[in-house]
2 protein chains.
Amino acid sequence: MNGLCVDLYEIRMAVSYLRRGMRGPATFSLFVRELPPCRGFLVAAGLADCLDFLTRFTFDEDELDYVGRTFGLDRRDRQALAVLRFTGDVRAVPEGRVVFAGEPLLEVTAPIAQAQLVETAMLNFVTFQTAIASKAARCRLAAGEADLVDFAARRTHGFEAAAAAARASAIAGFGATSYVAAARAYGLRCAGTMAHSYVEAFSDERMAFSAFAEDFPDVAVFLVDTYDSLAGVDAAIDVALRLGAGARRGVRLDSGDLAALAAGTRRRLDAAGLGDARIMASGGLDEHRIAALLTAGAPIDAFGVGTKMGVSADAPSLDTAYKLVEYDGRPVLKLSAGKATLPGAKQAFRGAEGDVLTLRGERAAGTPLLVPVMRDGRLLGPLRTPEQLVRDARTRCAADLAALPEHSRRLVDPVPVPVTPSAALTELTDRLRARHPSGGARS
Amino acid sequence: MNGLCVDLYEIRMAVSYLRRGMRGPATFSLFVRELPPCRGFLVAAGLADCLDFLTRFTFDEDELDYVGRTFGLDRRDRQALAVLRFTGDVRAVPEGRVVFAGEPLLEVTAPIAQAQLVETAMLNFVTFQTAIASKAARCRLAAGEADLVDFAARRTHGFEAAAAAARASAIAGFGATSYVAAARAYGLRCAGTMAHSYVEAFSDERMAFSAFAEDFPDVAVFLVDTYDSLAGVDAAIDVALRLGAGARRGVRLDSGDLAALAAGTRRRLDAAGLGDARIMASGGLDEHRIAALLTAGAPIDAFGVGTKMGVSADAPSLDTAYKLVEYDGRPVLKLSAGKATLPGAKQAFRGAEGDVLTLRGERAAGTPLLVPVMRDGRLLGPLRTPEQLVRDARTRCAADLAALPEHSRRLVDPVPVPVTPSAALTELTDRLRARHPSGGARS
């Protein structure tokens, strides 16, 4: 049913392996070659979708008809694809954990055709969701005690991306999302107030605020910048003062000099006795603008963060690779200029002095990052709801962010934690490289 | 069924309008406020998904249960949402046309609750797909006569985004995609060869090439850079020479100094009598690298362009807005600092001296960009297949790109075509602004 969620070359290679009886186990390692210059760490995300994809991986009849016809596969090839399921093992870094360049986020071990066919899916889910979770984590670090709300749905790359961004930002510590479908799917808090159009649809701003307060007295948060922000605040105060004591009152600032406007708004609200009314800010925000506003002392209680988080505007992708590291018991590597890989299935350990990258069987100081999550195509551990998965990942993320050294967590010119290959990994790499003198092809 | 593909505030506002009997027609205009600095033009895309969304827009029972429970809607609200369908009109710039800042890409006119509820969807589809089509068009302009293949699926923002990117790049003039599901959905040519893992899974490179050529003699394109690119070319030549005359032969270069390697590869292929063998290049390419390679005289026949196109890496989003411009016969505007809007339903005309932005009823020199595409919730014109929609958009795009002035189409420091508001639009804007002296809120 998701058999066409592949790049064509995966089908060609899988068919070739199957025809040739190449059914030995292959291990592919998924890692980020280099962090974007503006990132001191990444937050792992996307694993839940990977596992879901693997458990459902099949070619249905329509799909087989299409690939058979279009790519000239014979009846035997189609039959081999028809019965193909993912029966392999997966080890992965749990969602929400902090990772660095070179560390496997996920390793797939399966008969080579299976492991090859899921390349695009594994790369896609992990690359995209890790990019977004990492950007959202930087917003979380910038925002201190303030609340963060995901406003990204309108400019993410489709609605599937909007749901994934809501989930990734929840893992990173956002408190709510405006995107209703994602709130429902992942059990997130949903938040939202009114748009400028609502204010404009009434003959004046105060009438709009009154109408809204009447309809939704529990969420009386008024968007005040349609015409003039501080005049809008005055109108909001008039309306808010007529509401019952239990109402959640507030205003949203969406344009202009947000620091100055927030200060002016706070003074007006306090003078009116609305000390409990909250100020929300939005409009093109990212971690840098959030930090600048808070550094300037802007009394902002919540930030609505949209597009720049939802597309990870300064790093909308990551330099990920899904590389064969072992086939049929034989460690392999590629030597391509600038893209050489390290052979062998791996583990990474987080120690006090930084991370160590080892071969799978090795031990090193610290705690291992990869854990078994699937065996023989079956999920390990108790079944978790989508809601539980997010909650667990969020807990891990908060702990890992708290443990990050200051130079890695800072927003500008961050320095990632070093990842050092173990002696055994270095020795194996050197030995295999020696078989390809000066990268010569004919081994 | 797609009723939750909204930001929460749209539900709140819609419910408020419905409760109050505010059923007058509203016109919302979707436009890009400013082009990213690295763009001289945009290519409109996303309309097909918008229209599909509008024809299917409904809240099903599960969705109503969720919103009712979660947002405290009463039975009457839920009943009003249950029967809500999109019954409005849409005018839009056809997909594939070139557009500039300030020009409506789409205008929705419908009872205000309906027009409000589809805000997130209209913004999302148009913003994302226009961003990708525009980036892909720059690659198309850079590549001259060379073929372009979409390789983006592995690092787009989800698979839905991968399909949309394949489609958007086809509109912009790409010749094929590696993403199988998109090729099937939109009738695109699908292309792909082998990965480094395939080469590594065999005990040497030549054996891998032989096996692949045996299995797929019609697409004998060999990836040569796993160990050493030019040695890989020699191995590819040995294998290619043993193939029948009808085979499509070629090599793919994926790393290193692509210009020098392509020249060395061409010399080797020609010396071996393989003058018809094609050279494909890939690996982190974008329009700038393509242009640099071709300027350097690199004999590359086809470029595989992936991530940087598929996420529009230098402009992963656009500064779009979906703004109320008219309600119940009354033109409206907002005055928010830096985000003021122009009132009234509009049209744009493309003339010899640039584009003119007018009020809807006006005439100006040149051809109008917006055309009616939906009336009373029904699609206008003959039903088109997904394949036909792409083909038509591709034709429009090629024509509009050919007509672009050089300073707008150039890759570096492009200058967009100016869009001038008509006298009547300027007069209306000034008149409405005058009602809000110094942006004062209390009109």
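**Exercise 1.** Identify which side chains meet in a salt bridge at 2.8 Å, N to O.

*Solution.* The side chains of A:Glu95 and A:Arg167 form this salt bridge, with 2.8 Å from N to O, where the term requires a side-chain nitrogen of Lys or Arg within 4 Å of a carboxyl oxygen of Asp or Glu. The model is predicted, with local features needing pLDDT of at least 70 and side-chain atom pairs pLDDT 80 or more, whereas totals for chains, interfaces and linings use all residues. Residues are numbered from 1 along each chain as its sequence is written, chains are lettered from A in the order in which they are written, and side-chain values use heavy atoms, without hydrogens and water.

**Exercise 2.** Locate the two domains of chain A and state how far apart their C-alpha centres lie.

*Solution.* The domain assignment, whose bounds come from an automatic or database source, gives domain 1 as 8-132 + 315-439 and domain 2 as 143-310. The C-alpha centres of these two domains of chain A lie 39 Å apart.

**Exercise 3.** Describe the interface between domain 1 and domain 2 of chain A by its contacts and its buried area.

*Solution.* Begin with contact, meaning heavy atoms within 4.5 Å: 18 residues of domain 1 of chain A touch 20 residues of domain 2 of chain A. Next, take the buried area, which is the accessible area (1.4 Å probe) that two parts lose on being put together, summed over both; for these domains of chain A it is about 1,500 Å², with 65% on carbon and sulfur atoms. Finally, A:Ile132, A:Val390 and A:Arg394 lose the most area on the domain 1 side, together 39% of what that side buries.
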